[in-house]
Amino acid sequence: MARQPGKAVVGSQQCSTAPLAAQLRYLLEMARHPRITVQLVPIAAGCVLGMMSAFALARLRDGSEVVCADSVLSGQVTADYDAVARIKQRHDSIRADAQPKSVTHEAIEDAIRKWTG
């Protein structure tokens, strides 16, 4: 599954510190899972095509791929080849600007220290 959180979320100061620190700890815990990749997209990357709504890509045990795309009105799950290909292309565009995992983990750890310290 692939999700791309924006770096602005990690640096945000617009909410209570305890819940944000807990959320960041959980995000870091999930980021360390061997089957999960979390990479921050720097603010300087701007609004890349594909960041206008949330989506998730998944490869099923049989090798088929599905996409779940959310919009303001609803979510949609599909295994349609063309739809999956379009979302994979958007994912690749976003990931091209994303920071490496190690840099992302360090940024999350820094944010946790910031909010707890």
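This is a predicted model: local features need pLDDT of at least 70, side-chain atom pairs count only at pLDDT 80 or more; totals for chains, interfaces and linings use all residues.
## Overall layout

The protein chain has four helices and three strands. Read from the N terminus, the order of elements is α-α-β-β-β-α-α. The strands therefore sit between two pairs of helices in that order, as the DSSP runs are numbered from the N terminus.

Of the 117 residues in the protein chain, 29% are buried. Take the contacts between residues at least 6 apart in sequence: 71% of them join residues at least 24 apart.

Helix α2 has 15 residues. At 1.5 Å a residue, they should span 21 Å, and the end C-alpha atoms are 21 Å apart, so expectation and model agree.

Which residues of α2 are buried? They are Leu20, Ala21, Leu24, Leu28 and Ala31. Viewed down the axis of α2, these buried residues fall within an arc of 100 degrees, so they line one face of the helix. An α-helix has 3.6 residues a turn, so residues three or four places apart point the same way. The other side of α2 carries exposed residues: Ala18, Gln23 and Tyr26.

## The nonpolar cores

The largest nonpolar core holds ten residues. Its members are Leu20, Ala21, Leu24, Leu28, Ala31, Val38, Ile108, Ala111, Ile112 and Trp115. Helix α2 supplies the largest share, five residues. In soluble globular proteins, nonpolar side chains tend to be buried together.

Ala31 belongs to this core. Leaving out residues up to four places away in sequence, Ala31 touches Ile36, Val38 and His105. A second, separate core has eight residues, including Phe55, Val67, Ile94 and Ala98.

## Salt bridges

How many salt bridges does a search of the whole structure find? The search finds four. One of them joins the side chains of Arg32 and Glu109, at 2.5 Å from N to O. Arg32 lies in the loop between α2 (17-31) and β1 (55-59), and Glu109 lies in helix α4 (residues 101-116), so the pair ties together parts that are 77 residues apart in sequence. Arg32 is exposed, with a relative accessible area of 51%. Glu109 is partly exposed, at 26%.

Arg59, Glu65 and Lys88 are linked in a network of salt bridges. Glu65 pairs with Arg59, with the closest N and O atoms 2.8 Å apart. Glu65 also pairs with Lys88, where the closest N and O atoms are 3.0 Å apart. Lys88 lies in helix α3 (residues 81-97) and Glu65 in strand β2 (residues 65-70), so this pair ties together parts that are 23 residues apart in sequence. Arg59 is exposed, at 59% relative accessible area. Glu65 is partly exposed, at 24%. Lys88 is partly exposed too, at 32%.

Is Gln39 buried or exposed? Gln39 is buried, because its relative accessibility is 9% and the cut-off for buried is under 20%. Gln39 sits in the loop between α2 and β1. Its side chain makes a polar contact of 2.6 Å with the side chain of Arg95. A polar atom of the Gln39 side chain also lies 3.0 Å from the backbone oxygen of Gln99.

Thr78 lies in strand β3 (residues 75-78). At 18% relative accessibility, Thr78 counts as buried, since the limit is under 20%. The side chain of Thr78 reaches the backbone nitrogen of Asp80 at 3.0 Å. Thr78 also touches Val66, Val67, Ala83 and Val84, with residues up to four places away in sequence not counted.

Definitions and conventions. Residues are numbered from 1 along each chain as its sequence is written. Side-chain values use heavy atoms; hydrogens and water are left out. Buried means under 20% relative accessible area, exposed over 50%, partly exposed in between (1.4 Å probe, protein chains only). The expected span of a helix is 1.5 Å times one less than its number of residues. The arc is that of the directions from the helix axis to the C-beta atoms. A nonpolar core is a set of buried Ala, Val, Leu, Ile, Met, Phe, Trp, Tyr and Cys residues joined through side-chain atoms within 4.5 Å. Contact means heavy atoms within 4.5 Å. A polar contact is a pair of N or O atoms within 3.5 Å; within protein, one must be able to donate a hydrogen and the other to accept it, and residues adjacent in sequence count only if both atoms are side-chain atoms.
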